[in-house]
Amino acid sequence: METNILVADDSEYFREQIRADLESNGYRVLLAEDGAQALAIYRSHDIHILITDLEMPVMTGLELCWHVRAEDDQHRTFTILMTGDTETVRRIEAFDSGADEFLAKPIDLSMLRARVRAGERITRMHRVMVEMLHTDYLTGVLNRRYFMERLEQAYRAAKEEGTALAVAMFDLDHFKTINDTHGHSNGDLALKRFADHCAGQVPDGGFLGRLGGEEFCLCLPAGDLETALAQVEAIRRSTAELMVEAGSGASFAFTVSIGMCLVQDTGSVNDLMTQADEALYFAKRSGRNRTVLRGAEGVTVKARFYVM
């Protein structure tokens, strides 16, 4: 994994000096001439290590640290603050603002590299821990808690910006029969196989999570409803073609039922998930292996599509 380092300093001389040294040691370096520019770069890139001067125009290094730490609640970015001021009170302010390390100017480049290496170790550990906290242990997709966090954020953004968004809730058909017939270990294989298969078809801007048991949920853009439906239907159709190789040498196939709902037709995330669940229930009750969209009662859209 390439380490992205953001260097913020109003001195072009210091910026270039640090950039040249770090790039010669294999790091990818981005530059900013003030705190506001640095914050914009931070928000648009995955920054592993931030190196910032204390005194800068527009936004100081302390203010930059405050903003980064407020947005980086998982501590994915290691922050090094530089200053020519050696007063203890300034160092205390730096650490209170969220800085992880403090270096006095003029910068000893070898010491800076050592601090960067330490920052790499720390951020790598935090990132692994965060991924473990966010990931379903069996399937590798988002777990329920983190999926719902992401959905809350996406829901608010869609409502504020007026963009179209949908959720598709998937449920493996006759999963109890799979477990009873082939054993729970092979049932787990079916879950993994579906999760891998579905994850490979998540559209740009979408994300997939496991809600629990045999139930998964996909959040996806729905600016063009027909396109969104076609993407979900492609997952349903191709799932029916999957084969799971059981440990005994036998193999089996399975299908999924899907309930969809548009964010724009709901008043809350809870309402959204409730309506998608109702659509899923209708899909299973009406024959399984089909997609049901929550909408006008009883209108058939396509052979396998239904609108409630």
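Contact means heavy atoms within 4.5 Å. The close-ups below use that term throughout.

This is a predicted model, in which local features need pLDDT of at least 70, side-chain atom pairs count only at pLDDT 80 or more, and totals for chains, interfaces and linings use all residues. Residues are numbered from 1 along each chain as its sequence is written, and side-chain values use heavy atoms, with hydrogens and water left out.

**View 1. Phenylalanine 254 and its contacts.**

**View 2. The largest nonpolar core.** A nonpolar core is a set of buried Ala, Val, Leu, Ile, Met, Phe, Trp, Tyr and Cys residues joined through side-chain atoms within 4.5 Å. Buried means under 20% relative accessible area, exposed over 50%, and partly exposed in between (1.4 Å probe, protein chains only). The largest core has 32 residues. Phe170, Leu172, Phe194, Phe216, Phe254 and Met260 touch the most other members. Two or more residues come from each of strand E6 (165–172), helix H7 (175–182), helix H8 (184–199), strand E8 (215–221), helix H9 (225–239) and strand E11 (256–262). Helices (H or I, at least four residues) and strands (E, at least two) are DSSP runs, numbered from the N terminus. H8 gives the most to this core: five residues. A second, separate core has 21 residues, including Leu151, Cys217, Val263 and Ala276. In soluble globular proteins, nonpolar side chains tend to be buried together.

**View 3. Helix H6 against helix H10.** H6 (residues 144–161) and H10 (residues 269–285) pack at an angle of about 110°, with their axes 10 Å apart. That makes H6 roughly perpendicular to H10. Angles under 35 degrees count as roughly parallel, over 145 as roughly antiparallel, 65 to 115 as roughly perpendicular and the rest as oblique. Axes are lines fitted to C-alpha atoms, for helices over the stretch in contact, and angles run from 0 to 180 degrees between N-to-C directions. Met148, Leu151, Glu152 and Tyr155 in H6 meet Val269, Leu272 and Met273 in H10. By class, this contact has six nonpolar, no polar and one charged residues. Here Ala, Val, Leu, Ile, Met, Phe, Trp, Tyr, Cys and Pro count as nonpolar, Asp, Glu, Lys and Arg as charged, and the others, Gly among them, as polar.

**View 4. Helix H8 against helix H9.** The axes of H8 and H9 come within 10 Å and cross at roughly 140°. Phe194, His197 and Cys198 of H8 meet Ile235, Ser238 and Thr239 of H9. These residues divide into three nonpolar, three polar and no charged.

**View 5. Helix H1 against helix H5.** The axes of H1 (residues 12–24) and H5 (residues 109–134) come within 11 Å and cross at roughly 60°. That makes H1 oblique to H5. Gln17, Ile18, Asp21 and Leu22 of H1 make the contact with Leu109, Leu112, Arg113 and Val116 of H5. By class, there are five nonpolar, one polar and two charged residues.

**View 6. Two buried strand residues.** Threonine 83 lies in strand E4 (residues 78–83). Threonine 83 is buried, with a relative accessible area of 4%. Methionine 169 is found in strand E6. At 2% relative accessibility, methionine 169 also counts as buried. Leaving aside neighbours within four places in sequence, methionine 169 has contacts that include Phe216, Cys217, Met273 and Ala276.
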